[in-house]
Amino acid sequence: MIVADGDIGSTRAALVARDDLGDLPYGFGVGWHGRGDQRPELVRLKQGILRLEVGGEFAEFVVVPSLNAHVVDSGLSDADLATFPCSYDSAEEMLVRADLGEGESILVTGVAGGVGSALIQLALVRGARVVAVASESKRDRLLALGAEHFVPRDAATLQESVEGLVGEQGIDVVADVVGGELFGPILKVLRRGGRYTTSGAIGGPTTAIDLRDLIWRRRQSA
């Protein structure tokens with residue numbers, strides 16, 4: 001069954017659903033490599049990766065279990081739809097790993113970007129309360145998006161600002177796509193047994209950590 005068929009640059013591409021692939025784990029991909037009259041080579045890819053490439057570009061065929069293929073009937077453009085597998089998949093995986101639940105408080109950094117704004121929306125669907133961290137110029141837009149609280153992105157005052165809104169160690173989950181100098185302060189606002197999940201480091205990939213914040217409060221990473 002052809003689920004999606006179209007031109008991607010100079011390469012014809014098709015998404016094909018197959019029921020005869022056997023029991024594959026969720027997200028397991030099988031790529032067909034070949035162009036034109038070439039015989040496609042069936043290549044099994046490791047779990048969690050679905051690859052589209054022919055000579056370094058896009059594959060002509062990608063085969064997935066039918067469970068993972070869905071018909072898309074939407075008025076959104078292809079460009080709009082393409083944002084979902086990037087920003088929203090990343091955000092959803094973060095929240096699933098952190099096991100965010102109804103009534104919990106989540107602090108989200110980098111909320112002005114694609115993954116950050118997706119985190120707000122998906123957290124609200126779960127019934128969570130969102131504390132958004134971004135530059136002051138983004139305050140009105142993020143509150144309109146549904147964040148319950150807004151905190152300016154300033155590492156020096158972040159802990160104090162968050163605690164003034166939700167109390168000391170009042171955050172259940174931190175979803176961080178910034179890292180850098182914000183890592184230390186946001187770790188300190190997590191409650192005992194709180195969860196930290198990340199998918200980015202736009203503020204810097206390396207940072208210092210006070211191990212006592214993990215030892216004494218038994219925080220978890222997801």
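**Close-up views of a predicted model**

A search through the whole structure turns up seven salt bridges.

**View 1. The whole protein, to get our bearings.** The protein has seven helices and 11 strands. Of its 222 residues, 38% are buried. The accessible surface comes to about 12500 Å², and carbon and sulfur atoms account for 51% of that surface. Among the contacts with a separation of 6 or more, 53% are between residues 24 or more positions apart.

**View 2. Arg-126 and Glu-92 meet in a salt bridge.** The closest N and O atoms of Arg-126 and Glu-92 are 2.8 Å apart. Arg-126 sits in the loop between helix 3 (114–125) and strand 7 (129–134), while Glu-92 belongs to helix 2 (residues 83–98), so this pair ties together parts that are 34 residues apart in sequence.

**View 3. Arg-191 and Glu-104 form a salt bridge across a stretch of sequence.** Here the closest N and O atoms of Arg-191 and Glu-104 are 3.9 Å apart. Because Arg-191 lies in strand 10 (residues 190–198) and Glu-104 in the loop between helix 2 and strand 6 (105–109), the pair ties together parts that are 87 residues apart in sequence. Arg-191 is partly exposed, with a relative accessible area of 26%, whereas Glu-104 is buried at 14%.

**View 4. Asp-172 joins a network of salt bridges.** Which residues does this network link? Glu-104, Asp-172, Arg-191 and Arg-195 are its members. Asp-172 is found in strand 9 (residues 171–176). With a relative accessible area of 13%, Asp-172 falls under the 20% limit and is therefore buried. Its side chain makes a polar contact with the side chain of Arg-191, at 2.6 Å. If we leave aside neighbours within four places in sequence, Asp-172 is in contact with Glu-104, Ser-105, Leu-190, Arg-191, Gly-194 and Arg-195.

**View 5. Arg-212 and Asp-210 make a salt bridge between side chains.** The N to O distance in this bridge is 2.9 Å. Arg-212 is partly exposed, at 45% relative accessibility. Asp-210 is partly exposed as well, at 26%.

**View 6. Helix 2 has a bend at Asp-89.** The bend amounts to about 30 degrees. Just after the helix, Asp-99 takes a positive phi of about 55 degrees.

**View 7. Helix 2 has a buried side.** Which residues of helix 2 are buried? They are Ser-87, Ala-91, Met-94, Leu-95 and Ala-98. An α-helix has 3.6 residues a turn, so residues three or four places apart point the same way. The cover over the buried residues of helix 2 includes strand 6, helix 3, strand 9 and strand 10.

**View 8. Ser-87 in helix 2.** Ser-87 has its place in helix 2. Its relative accessible area is 13%, so Ser-87 is buried. What does Ser-87 touch, leaving aside its neighbours within four places in sequence? The contacts of Ser-87 are Gly-114, Val-115 and Ala-118.

**View 9. Helix 3 and what covers it.** The 12 residues of helix 3 should span 16 Å at 1.5 Å a residue; the end C-alpha atoms are 17 Å apart, which agrees. Helix 3 is followed by Gly-127, where phi is positive, near 80 degrees.

How values were computed. Residues are numbered from 1 along each chain as its sequence is written. This is a predicted model: local features need pLDDT of at least 70, side-chain atom pairs count only at pLDDT 80 or more; totals for chains, interfaces and linings use all residues. Side-chain values use heavy atoms; hydrogens and water are left out. Helices (H or I, at least four residues) and strands (E, at least two) are DSSP runs, numbered from the N terminus. Buried means under 20% relative accessible area, exposed over 50%, partly exposed in between (1.4 Å probe, protein chains only). A polar contact is a pair of N or O atoms within 3.5 Å; within protein, one must be able to donate a hydrogen and the other to accept it, and residues adjacent in sequence count only if both atoms are side-chain atoms. Contact means heavy atoms within 4.5 Å. Accessible areas come from the Shrake-Rupley method with a 1.4 Å probe; for residues, only the protein chains shown count as cover. A salt bridge is a side-chain nitrogen of Lys or Arg within 4 Å of a carboxyl oxygen of Asp or Glu. The bend at a residue is the angle between axes fitted to the seven residues ending there and the seven starting there. The expected span of a helix is 1.5 Å times one less than its number of residues.
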